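Hello,

Here is the structure I promised to pass on. My notes follow below it.

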Amino acid sequence: MLRPIDIQNKEFAKKIKGYDCDEVDDFLDAIIQDYELLCKENQTLKDRLSLMTNTVDHYKQMEATMQKSLDVARQSAEDIRNNANIEAQTIISKAKLDAARLSKQIDDEHIRKHQEMLGVKTEVEAYKSRVRSLCENMIKMVDNMN
């Protein structure tokens, strides 16, 4: 690729019926200016393209990192959900066992109290029977006193 300095330093051979040197030099000066502007603009565009390429790469890396973080978060959420389900099942199982144990204790206590009540009832009947017998004996004694 030609550089502006290459155009500026270019020498042409002179011939008798050649072009007007001043006119050629003026035209080449205009070309040099335009060419310098194009080279600067081209370099600016290359620099911007490089910067944008680096920015795109940076955003792609950020996207990849975010995707990995999202995957880790999803896995963590799944693990937490599974652990919560396991813990819930454990709590339910323990509650069922506790309920069964308490139910058995209540049934056992009920049976014990029922047997205790039957024993008291038997004692009351025996006491009533003794009192009745005593009363009958007293009535007989009162009747016999006459």
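Is Cys 21 buried, partly exposed or exposed? With a relative accessible area of 38%, Cys 21 is partly exposed (buried means under 20%, exposed over 50%, partly exposed in between, with a 1.4 Å probe and protein chains only). Cys 39 is also partly exposed, at 23% relative accessibility.

Before going on, please note that this is a predicted model, where local features need pLDDT of at least 70, side-chain atom pairs count only at pLDDT 80 or more, and totals for chains, interfaces and linings use all residues. Residues are numbered from 1 along each chain as its sequence is written, and side-chain values use heavy atoms, leaving out hydrogens and water.

Counting disulfides (pairs of cysteine sulfur atoms within 2.5 Å) gives zero.

Helices H1 (4-8) and H2 each give two or more residues to the lining (helices are DSSP runs of H or I, at least four residues, numbered from the N terminus). H2 gives the most, with six.

Helix H2 spans residues 21-144 and includes Met 66, which is exposed at 53% relative accessibility.

Best wishes
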